[in-house]
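User: Hi! I have a new model open and would like to talk it through with you. Please start with whatever I need to follow your labels.

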Amino acid sequence: SWGESLKFTIKNGGEDVAVAVGDSGTMKVVTGKKTNVLAVPADAVHRAGSGEFVYVVGDSGLREFKWIETGLHGKDYVEVFSGLAEGEKVVLK
């Protein structure tokens, strides 16, 4: 629950796990998760000022610039709200 402090429960296979002073480990925090969204590889998204853009392969086969509006940003993928259509080919490098 959120408040003045963050409280969480650690579970392993559905069972509570005891944590003692001096224990260490890795914790993955998921702040949001969506399914059935348009997403592109994070490496394809570039910043310019306060906006974000991608390069796509245009009808002529040449690289074209497209401004996009993004949502959730993950390690590997970025959600795209607008500016890009499903099936368009984005340029990674």
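Analyst: Happy to! The strand names I use stand for DSSP runs of E with at least two residues, numbered from the N terminus. Also keep in mind that this is a predicted model.

User: Thanks. Where is N36, then?

Analyst: N36 is in the loop between β2 and β3.

User: And what is phi of N36 near?

Analyst: Phi of N36 is near 55°, a positive value in a residue that is not glycine. For background, most residues other than glycine have a negative phi.

User: Is N36 buried or exposed?

Analyst: N36 is exposed, with a relative accessible area of 82%. The cut-off for exposed is over 50%.

User: What about V29?

Analyst: V29 also sits in the loop between β2 and β3. V29 counts as exposed, at 60% relative accessibility.

User: How many Å apart are V29 and G58 in space?

Analyst: Their C-alpha atoms are 38 Å apart, and V29 and G58 are 29 residues apart in sequence.

User: Changing topic: how many salt bridges does the structure hold?

Analyst: There are 3 salt bridges. One of them joins the side chains of E79 and K34, at 3.3 Å from N to O.

User: Which parts does that pair tie together?

Analyst: E79 lies in strand β7 (residues 77-82), while K34 lies in the loop between β2 (15-16) and β3 (39-41), so the pair ties together parts that are 45 residues apart in sequence.

User: Buried or exposed, what is E79?

Analyst: E79 is buried, at a relative accessible area of 7%. K34 is partly exposed, at 46%.

User: And which residue does K66 meet in a salt bridge?

Analyst: K66 meets E88, side chain to side chain, at 2.6 Å from N to O. K66 is in strand β6 (residues 63-73) and E88 is in the segment after β7, so this pair ties together parts that are 22 residues apart in sequence.

User: How accessible is K66?

Analyst: K66 has a relative accessible area of 23%, which makes it partly exposed. E88 counts as partly exposed too, at 29%.

User: What is the partner of R47?

Analyst: The partner of R47 is E52, and their side chains meet in a salt bridge at 3.7 Å, N to O. E52 is buried, with a relative accessible area of 9%, whereas R47 counts as exposed at 59%.

User: Why does E52 count as buried?

Analyst: E52 has a relative accessible area of 9%, and buried means under 20%, so E52 falls within that class.

User: While we're in β6, where is E64?

Analyst: E64 is in strand β6 and counts as partly exposed, at 36% relative accessibility. The C-alpha atoms of E64 and G51 are separated by 16 Å, and the two residues are 13 apart along the chain.

User: On to pockets. What volume does the largest pocket have?

Analyst: Its volume is about 480 Å³. The lining of the largest pocket has 16 residues, and G32, L72, H73, G74 and K75 lie nearest its centre.

User: Which strand gives the most to the lining of the largest pocket?

Analyst: That is β7, with 3 residues. Both β6 and β7 supply at least two lining residues each.

User: And what is the lining of the largest pocket like by class?

Analyst: The lining of the largest pocket has 7 nonpolar, 4 polar and 5 charged residues.

User: How much space lies in the second largest pocket?

Analyst: About 210 Å³. The second largest pocket is lined by 10 residues, and the closest to its centre are I10, V19, G25, T26 and M27. By class, its lining has 5 nonpolar, 4 polar and 1 charged residues.

User: Last one: which residues form a nonpolar patch on the surface?

Analyst: I10, V17 and V19 form a nonpolar patch on the surface, with about 230 Å² of accessible area together. I10 and V19 are also among the residues closest to the centre of the second largest pocket.

User: And where is the place of V17?

Analyst: V17 is in the loop between β2 and β3, and V17 is partly exposed, with a relative accessible area of 36%.

Note on methods. Residues are numbered from 1 along each chain as its sequence is written. This is a predicted model: local features need pLDDT of at least 70, side-chain atom pairs count only at pLDDT 80 or more; totals for chains, interfaces and linings use all residues. Side-chain values use heavy atoms; hydrogens and water are left out. A salt bridge is a side-chain nitrogen of Lys or Arg within 4 Å of a carboxyl oxygen of Asp or Glu. Helices (H or I, at least four residues) and strands (E, at least two) are DSSP runs, numbered from the N terminus. Buried means under 20% relative accessible area, exposed over 50%, partly exposed in between (1.4 Å probe, protein chains only). Patches are made of residues with over 30% relative accessible area and no salt bridge: like charges are joined within 9 Å, nonpolar side chains (Val, Leu, Ile, Met, Phe, Trp, Tyr) within 5 Å. Accessible areas come from the Shrake-Rupley method with a 1.4 Å probe; for residues, only the protein chains shown count as cover. On a 1 Å grid over the protein atoms alone, a cavity is a set of points where a 1.4 Å probe fits but cannot get out, and a pocket is an open set with protein on both sides within 12 Å along at least five of seven lines; lining residues have an atom within 4 Å of a point. Grid points are joined across faces, edges and corners, and a volume is the space filled by probe spheres set on the points. Ala, Val, Leu, Ile, Met, Phe, Trp, Tyr, Cys and Pro count as nonpolar, Asp, Glu, Lys and Arg as charged, and the others, Gly among them, as polar.
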